[in-house]
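We will go from stop to stop.

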Amino acid sequence: MLEEGTRYETESAEIAGYRFRSLELLRSALTHSSYLHEHEQEGAEDFERLEFLGDAVVDLVVGAELYGRFPDATEGELTALRATLVSSTGLATVAREIGLPQRARLGRGEEESGGRDRPGLAASLYESLVGAVYLEAGYEGSADFIKRTMAGPLSAIAAAPRKSPKTMLQEWAQSEHRPLPVYRTLEARGPDHRRDFVVTVEVGEKLAKGTGPSKREAQESAATKLLEEVLR
């Protein structure tokens with residue numbers, strides 16, 4: 001048993017239908033760096049490397065799911081949908097549903113400052129857990145885990161009316177009480193029959209640039225890039 005007072009239980013190696021063979025790997029996936037600073041004698045690893053791996057796996061699996069569910073969606077639409085699903089808010093909701101914040105090992109300072117309730121920590125825990133599942137079960141096992149735990153959000157986004165990246169960015173700005181997006185055309189390159197427009201979009205201090213064969217497509221490209229940034 002770990003010391004009394006932690007919320008991590010070594011007896012339970014199962015999370016959301018997946019049973020870990022390696023308790024050490026599961027322990028790392030649930031360990032914040034602040035915990036190790038206070039328990040250096042453990043010689044364990046925190047979740048940051050697993051989070052890096054899990055982030056890539058989540059992006060790939062969710063992208064593949066969206067590609068299959070929306071056969072007529074543009075690249076920008078697919079990217080914007082993925083950005084919504086894998087945002088800190090989106091992944092934090094999934095992490096809470098499967099009880100990850102409650103099982104995380106945090107340092108006393110992180111615990112007392114409300115770290116267990118932070119969306120960013122919950123999202124990181126989900127990605128680190130996916131990274132751990134990937135190491136044990138490979139792509140197929142981690143894809144099954146992601147599709148099972150994200151079944152609700154994936155179904156909801158499939159059932160919702162399709163929105164363009166520009167619409168999604170405007171809705172995000174309004175929900176965050178930010179200024180509405182402002183688009184500016186910087187230049188139009190190339191001959192008339194093969195134009196390439198360069199457009200920027202600003203939301204307050206946030207800025208992104210996009211290109212496309214028309215102003216509208218360049219605006220959608222810029223909106224997509226800014227969505228990816230602000231939703232992470």
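How many helices and strands does the secondary structure of the protein come to? The count is 11 helices and 5 strands. Keep in mind that this is a predicted model.

**Stop 1: the whole chain**

Show the C-alpha atoms alone. They fill a box of roughly 70 × 35 × 30 Å along the principal axes. Now colour by burial. Of the 232 residues in the protein, 45% are buried.

**Stop 2: the loop at A16**

Select A16. This residue is in the loop between strand 1 (14-15) and strand 2 (18-19). Check the backbone here. Phi of A16 is near 50°, a positive value in a residue other than glycine. Is A16 buried or exposed, or something in between? A16 has a relative accessible area of 27%, so it counts as partly exposed.

**Stop 3: two aromatic pairs**

Show the aromatic side chains. A pair of rings is described by the distance of the centres and the angle of the planes. The protein has 2 aromatic pairs. One of them joins Y18 and F20, with 4.9 Å from centre to centre. Their planes stand at 85°, and the pair is edge-to-face. Both Y18 and F20 are buried.

Now select Y126 and F145. These rings are stacked, with 25° between the planes. Their centres are 6.3 Å apart. Y126 is buried, and F145 is buried as well.

**Stop 4: helix 5 against helix 8**

Select helix 5 (residues 88-97) and helix 8 (residues 119-149). How do they cross? Their axes come within 8 Å and cross at roughly 75°. That angle makes helix 5 roughly perpendicular to helix 8. Show the side chains at the crossing. From helix 5, look for S88, L91, A92, V94, A95 and R96. They meet P119, A122, A123, Y126, E127 and T149 in helix 8. Colour this contact by class: you get 8 nonpolar, 2 polar and 2 charged residues.

**Stop 5: R69 in helix 3**

Select R69, which is in helix 3. At 36% relative accessibility, R69 counts as partly exposed. Which residues does R69 contact, leaving aside neighbours within four places in sequence? They are L154, S155 and A158. Now draw a distance from R69 to E51, C-alpha to C-alpha. These two are 18 residues apart in sequence and 26 Å apart in space.

**Stop 6: the loop at A73**

Move along to A73. Its loop lies between helix 3 (48-69) and helix 4 (75-85). A73 has 15% relative accessibility, so it counts as buried. Not counting residues up to four places away in sequence, A73 touches L78 and R162. Draw another distance, this time to T185. A73 and T185 are 112 residues apart in sequence. Their C-alpha atoms are 25 Å apart in space.

**Stop 7: helix 4 and its cover**

Follow the chain into helix 4. Which residues of helix 4 are buried? Select E77, L78, T79, A80, L81, A83 and L85 to see them. Then bring back the surroundings. The cover over these buried residues includes helix 3, helix 5, helix 9 (151-159), helix 10 and helix 11.

On helix 4, the contact uses G76, T79, A80, R82, A83 and T84. On helix 11, it uses T224, L227, E228 and L231. By class, this contact of helix 4 with helix 11 has 4 nonpolar, 4 polar and 2 charged residues.

**Stop 8: a charge over a ring**

Select K166 and Y183. The charged end of K166 sits over the ring of Y183, 5.0 Å from its centre.

**Last stop: H177**

Finish with H177, in the loop between helix 10 (165-175) and strand 3 (182-189). Is H177 buried or exposed? H177 has 72% relative accessibility, so it counts as exposed.

Definitions and conventions
Residues numbered from 1 in each chain as written. Predicted model: local features only at pLDDT ≥ 70, side-chain atom pairs only at ≥ 80, totals over all residues. Heavy atoms only, no water. Phe/Tyr/Trp six-rings, centres within 6.5 Å; stacked < 30°, edge-to-face > 60°. Buried < 20%, exposed > 50% of the residue type's maximum accessible area, 1.4 Å probe, protein only. Lys NZ or Arg CZ within 6 Å of the ring centre and 35° of its normal. Helix = DSSP H or I, 4+ residues; strand = E, 2+ residues; numbered from the N terminus. Contact = heavy atoms within 4.5 Å. Nonpolar A, V, L, I, M, F, W, Y, C, P; charged D, E, K, R; others polar. Axes fitted to C-alpha atoms, helices over the stretch in contact; angles between N-to-C directions. Parallel < 35°, antiparallel > 145°, perpendicular 65-115°, else oblique.
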